[in-house]
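Dear colleague,

Please read the notes below it with the model open.

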Amino acid sequence: MENKVKVVIGDRLGKGQNIAKGVEAAGGIAVVIPGVGADMKVGDVMQAENADFGLSFCGSGGAGALTAKTKYGYPVEYGLRSVDGGISALRSGCKVVGFGFMDTEELGRRMTEEYIKLKGR
């Protein structure tokens, strides 16, 4: 059984490749949902992939995260604009974190490193 942290990434504009590089640099597995409107599929893909946590990106930073909460009951934080805000959300137990557009390797790397630290993997 795979013991790596699996992270689903959904971006309204179909991006997220830089975040994926950061996730993989930290030793995780990144699942980037392809296509425009991908943020709205984060909860669905998390269920299908049995992912550890999900990252959703759109202008307001909330639509995909709230959809995942409504559909699957995931604890979420949304409307975030910083990596430190995302790390705080993970520490408070969130499974889906919604950001404004932030396709950076640093975000993927630091979020994955924090999750590994929190869960002792």
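Predicted model: local features only at pLDDT ≥ 70, side-chain atom pairs only at ≥ 80, totals over all residues.

Overall fold

The protein has five helices and five strands. Read from the N terminus, these elements run β-α-β-α-β-α-β-α-β-α. The radius of gyration is 12 Å, close to the 14 Å that the globule rule gives for 121 residues, so the protein is as compact as a globular protein of that length. Its C-alpha trace spans about 30 × 25 × 25 Å along the principal axes. Of the 121 residues, 49% count as buried. Among contacts with a separation of 6 or more, 60% are between residues 24 or more positions apart.

The sheet

The five strands form an open sheet in the order β2-β1-β3-β5-β4, and the pairing is parallel. At the edges are β2 (29-32) and β4 (76-80), each of which pairs on one side only. On average, neighbouring strands of this sheet are turned by 15° against each other, direction ignored. Helix α3 (residues 63-72) packs on the sheet, where it touches β3 (53-57), β4 and β5 (96-99). The direction of α3 makes about 165° with that of β4.

The cores

Which residues have the most contacts inside the largest nonpolar core? They are Leu55, Phe99 and Met111, in a core of 22 residues. At least two residues of this core come from each of β1, α1 (17-25), β3, α4 (83-91), β5 and α5 (105-119). The element that gives the most is α4, with four residues.

Leu55 shows how these parts meet. Leaving aside residues up to four places away in sequence, Leu55 touches Val7, Val8, Ile9, Gly10, Ile19, Val42, Val97, Phe99 and Met111.

The cysteines

How many disulfides does the count come to? The count is zero. The sulfur of Cys58 has its closest cysteine sulfur in Cys94, at 16 Å, which is too far for a bond. Seen from the other end, Cys94 is in no disulfide, and the nearest cysteine sulfur, that of Cys58, is 16 Å away. The cut-off for a disulfide here is 2.5 Å between the sulfur atoms. Cys58 is buried, with a relative accessible area of 3%. Cys94 is buried too, at 8%.

A loop residue

Asn50 is found in the loop between α2 (42-49) and β3. Its phi is near 55°, a positive value in a residue other than glycine. Most residues other than glycine have a negative phi. Is Asn50 buried or exposed? Asn50 has 65% relative accessibility, so it counts as exposed, the cut-off for that class being over 50%.

Best regards

Terms used. Residues numbered from 1 in each chain as written. Heavy atoms only, no water. Pairing = 2+ DSSP bridges. Axes fitted to C-alpha atoms, helices over the stretch in contact; angles between N-to-C directions. Contact = heavy atoms within 4.5 Å. Buried < 20%, exposed > 50% of the residue type's maximum accessible area, 1.4 Å probe, protein only. Core = buried A, V, L, I, M, F, W, Y, C linked by side-chain atoms within 4.5 Å. Rg over C-alpha atoms; globule rule 2.2 N^0.38 Å.
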